Amino acid sequence: MTEANILARDETEQIAGLTTNNLDAYWMPFTANRQFKKDPRLLVKAKDMHYTSADGRQILDGTAGLWCCNAGHGRQKIVEAVQKQVAELDYAPPFQMAHPMSFELAARLAALLPDPLNHVFFTNSGSESVETALKMALAYHKARGEGGRTRLIGRERGYHGVNFGGTSVGGMVANRKQFGTLLAGVDHLRHTHGIAGNEFSKGVPKNGVEYAEDLMRLVQLHDPSTIAAVIVEPVAGSAGVILPPEGYLKRLREICDEHGILLIFDEVITGFGRLGTPFGVDYFGVTPDLITTAKGLTSGVVPMGAVFASSKIYDAFMNGPDHLIELFHGYTYSAHPLACAAALATLDVYAEEELLTRGASMAEYWQDALHSLRDCPHVIDIRNIGLVGAVELEPMAGEPAKRAFNAFLKAYEKNILIRTTGDTIAMSPPLIISKGEIDVLIGTLRETLQALD
């Protein structure tokens, strides 16, 4: 370790909240590590709609943490549930054993989804949920005597976590290019971004339902008997809030049904109230065979994910001798007691404050505020749905993503937290946001955009 990698103690003391004088040891995820460590952005507290920075500023959270703190921060009911649980039962093995809360939570979650999505498999993250769903799809076809169905179909610009399966079906180039050939037998639908006539659409865009026919191209190319599943995000969040055209998801469902292909919705972002409905399935009126979730499940308090499976998938495994394991898959921390406690309390908060549908009543105000930025410098598109929004910026010549990153830094200086992906600014505030806080968030973003080069 070089001397340059060690902060002098007097420098450390200027960065409140640090208890070590070394920033080098932590290799940060999805972060420009060198830039960050020259000028750290440290958050030390959180309550409701705000973070407190290490230098004492109140930072308005425009991203619900990382699309996950849907109920806001520091919610007392959730905090107390976790505190009580860690003292009562810190851990219970999930293999051949269980604890009561895991069944209670699964039943309450299943009640939120339409039939036949009646079964829940617990994971610890969105990435694990995707990996689980993909394995379930492959194993389901094998259990039914169609083991030749091994091909998985994702979509360009899709994001499905960072494990090998999720990276393979994902379609974000930067997430794929460093990791070799990934999984074999994977193909991708065309994305639905940048369709002519959809610029500055308010809500779901009108143009582009024909892009769903790209699945027919892949069906004809590979033969439907080789395809196990298609996985898409109802709304592609991490790629910059890319919305499905009207009728697009319905058409994908029809094609999958016609050819015996499972349809998987990745609702890690769109689940738990983000669109103004409990899940994307409710918003779009399309029911898949599997749904992956995480993030809002515990409002980000404890890592947890879940896969919702239809009864036909679950039942396909429930045969053979009773003493044999039906699916050789799971995690040491599946249905962890602390996570279950956090999730149950989170569901209570959602129900008591009607947060799973609150976004619908705020959506028009949010939409109007977002689209008021249309006249700002460098803005080339604005997209919104529910309490999600994106402002796409014209890239700097020869320096892609730099303009949006500069906006992120300037916004943080002005006490708002936004997220950027490429040259798109994405926002997804906690579902408790008020109209006044929307005004502050969008007003400050306007100031930020007007100051950009």
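Analyst: Helix 4 and helix 13 cross in a right-handed way (right-handed is when the near helix is turned clockwise from the far one by less than a right angle, left-handed when anticlockwise). This is a predicted model, in which local features need pLDDT of at least 70 and side-chain atom pairs count only at pLDDT 80 or more, while totals for chains, interfaces and linings use all residues. Residues are numbered from 1 along each chain as its sequence is written, and side-chain values use heavy atoms, with hydrogens and water left out.

Helix 4 covers residues 76-88 and helix 13 covers residues 337-352; helices here are DSSP runs of H or I with at least four residues, numbered from the N terminus. Their axes come within 8 Å and cross at roughly 155°. An axis is a line fitted to C-alpha atoms over the stretch in contact, and angles run from 0 to 180 degrees between N-to-C directions. The crossing angle therefore makes helix 4 roughly antiparallel to helix 13, a term for angles over 145 degrees.

On the helix 4 side, the residues in contact (heavy atoms within 4.5 Å) are Lys77, Ile78, Ala81, Val82, Gln85 and Val86. They meet Pro337, Leu338, Ala341, Ala342, Ala345, Thr346, Asp348, Val349 and Glu352 in helix 13. The residues of this contact divide into 10 nonpolar, two polar and three charged. Nonpolar covers Ala, Val, Leu, Ile, Met, Phe, Trp, Tyr, Cys and Pro; charged covers Asp, Glu, Lys and Arg; the others, Gly among them, count as polar.

Elsewhere, Ser127 lies in helix 6 (residues 126-143). Leaving aside its neighbours within four places in sequence, Ser127 is in contact with Gly161, Val162 and Asn163.

Terms used
Helix = DSSP H or I, 4+ residues; strand = E, 2+ residues; numbered from the N terminus. Parallel < 35°, antiparallel > 145°, perpendicular 65-115°, else oblique.
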